[in-house]
Amino acid sequence: MEQGTGFFSFLFENLSNFWSYTGIATATAGHLVMIIFGLAFIYMAVKKNWEPMLLLPIGFGILVGNIPHLASLKIGIYEEGSVLNILYHGVKNGWYPPLIFLGIGAMTDFSTLISNPKLLLIGAAAQLGIFAAYTTALAVGFDPNQAGAIGIIGGADGPTAIFLSSRLAPDMMGAIAIAAYSYMALVPVIQPPVMKLFTNHKERLIRMKPPRVVSSNEKILFPIVGFLLTAFIVPSGLPLLGMLFFGNLLKESGVTRRLAETARGPIIDICTILIGLTVGASTQATNFLNWHSLGIFGLGAASFVVATMGGVLFVKFFNLFLKEGNKMNPLIGNAGVSAVPDSARVSQEVGRHYDPTNHLLMHAMGPNVAGVIGSAVAAGVLLGFLS
Amino acid sequence: MKKIKKGLFLLTLTLLSFVSYAQNTFDLRLNELLPNNTGNIVDDYGAHSSWIEIYNPTYGTVNIGGCYVTDDINNPKKYRIPQGDVSTNIPPHQYLLIWADGIDYHGPLYTNFKLSADGGYLALYSNDGKTLIEQVKYPPLAANVSYAKNDNEEWKESDTITPRLQNKLYELESAAEKLGKRDPFGAVISVTAMTVVFSVLILLFLCFKQLAKFHIKTSRKKAAEAQGIDIDLVEHAGEETGDIYAAIALALKLYQDDIHDIEDMVITIEREDKIYSPWNSKIQSLRQTPEIRKRNK
């Protein structure tokens, strides 16, 4: 009888011990809030089709990162040596973003930009959002390096945001990455009202000259000249700019088809999966749910609005110096932020709303890819000043 | 003869190795020194002696044996590091500690002088005792504060002492903090950064504008050559005088005057209905429609 009692007490003790290890016993309200966030991301990706390639891994990563567990198990993303921690090194040390840039370079066609190089300037103007967010972040009390990391959200480029924040404010990287990718997904919601606000009906109907045919020599020269010019002026942007232009050279050279396909296929896919999952998992409730994160989200939204405004107004300003027939449609100004190709699609959709026969997509792709270069240069400048 | 040649070759190799050895010692660098050691590491005799750290920045092992260290500017040969001891080898990118305890019989890496905590001089001379490799004057240093080189090769006081390790000099203020003080509203950095971004992209714009012009010009030339058109005519297109334009305009006017927009007759178009019926359908015919062949005249 005593043996029986001992057995059951031992069993009960074991079960209660096991219960104390479970996530259910150690969960807090913060974890549940974050899990709801994760589910919302998955919902947006699956049902709304908003940036599913990013929001789905990030959403699931949030779920992974917010399953409560004991630190002694050494399985969490912040526990040295765990699987997630090893994968997270690629984010923390900035390995994934340049590899993603390699893939972006290998899948980007710079023809529109080469045929009409003045579109490059729109990509510069749209970086205004970065510095508007930087100054505002300083004004509300963030440190200069934190403000720089927050500002880069306005560049609308996830890998760049992760790269810069891992260097300047690693503790804020999760929130910054989530904000950057969320707003990139929300580009079709954020940008159209701003575009309509700063343009009139006549401007929205402007038809642009079709781009000229670009020779293969020009396409090959673009990444080489582009790299040398940008990297010599902003060497701190070398990891991003170097990989972007290298990827593009692989594509345009015509002799490295297999390498280009690997860069724009398996490499970018693997890095996107890893970056999405680990960034999501890094948003643990204890690190994420604070006033700083709220500030980052607010400033990120403002920076997108200012960046869109900057691009649109710059096109209007530039039109003052262009002859009739050469004028640009200000609706392509929003594409200066580097959310490729979503912001260019927004230009197309808004343009077609006012004139169904006016196709702006190809024209908008010019500032769109210029925005990628512009945001990488801006990140390099901030890194140079603040690191 | 062969033996002499072989001997000469070996001699040359030996001399070359000596020359390269001598050259390598010039790459050595004084890296850190701790004159007032009261709580840092102890020497082989358990004493908190002052020490000198030497760094080998090369990709090869360097033997420091035969070189001189001194704390007297007028006596470069004050302490000669003994040769032939394995402990005087410094592996690539590694550090060697020399104890300045004033007792040279303690070993090859123990000097006959002590470093003064009230500031002083330290120099490393090559094995000829004349060629200076590096020297440093150091200020008075508190106990357990070293004098070390930072990444920019500048000597700084450091309370993070790193014997046989890379120096870790923590700046009191980071670059971002300094910038934050000088530019609290971020206006200067914003204007600077936007100027840089615009400059880079304007440069790219100008570069590719010129490249596009060049490309268009060469492709026009090629096209003209292929069609057998005079290249000068293509290049000078658009440079014709007003007389030519006037003549073309007159010719066009005369031509258009001959074209009648309104005719003086009435044209009536009557609609002819052909109602479909399977009875007259060619598709429904049982036989193939005869083919009409024209006779050659």
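The legends below describe close-up views of a predicted model.

In this model, local features need pLDDT of at least 70 and side-chain atom pairs count only at pLDDT 80 or more, while totals for chains, interfaces and linings use all residues. Residues are numbered from 1 along each chain as its sequence is written, and chains are lettered from A in the order in which they are written.

**View 1. The contact between chain B and chain A.** Counting two residues as in contact if their C-beta atoms, placed from the backbone, lie within 7 Å, the contact takes 27 residues from chain B and 37 residues from chain A. On the side of chain B that touches chain A, helix H2 (175–182) and helix H3 (187–227) each supply at least two residues, and H3(B) gives the most, with 20 residues. Helices here are DSSP runs of H or I with at least four residues, strands are runs of E with at least two, and both are numbered from the N terminus.

**View 2. An open sheet in chain B.** Five strands, in the order S7-S2-S1-S10-S11, form an open sheet with antiparallel pairing, where two strands pair if DSSP finds at least two bridges between them. Strand S7 (95–100) and strand S11 (155–158) of chain B are the edge strands, each pairing on one side only.

**View 3. Two residues with positive phi.** Most residues other than glycine have a negative phi. The phi of A:Ala156 is near 55°, and B:His93 has a positive phi of about 55°. A:Ala156 is buried because it has 36 C-beta neighbours inside 10 Å, whereas B:His93 is exposed, with 11 other C-beta atoms within 10 Å; buried means 20 or more such atoms, exposed 12 or fewer, and partly exposed in between, with C-beta atoms placed from the backbone.
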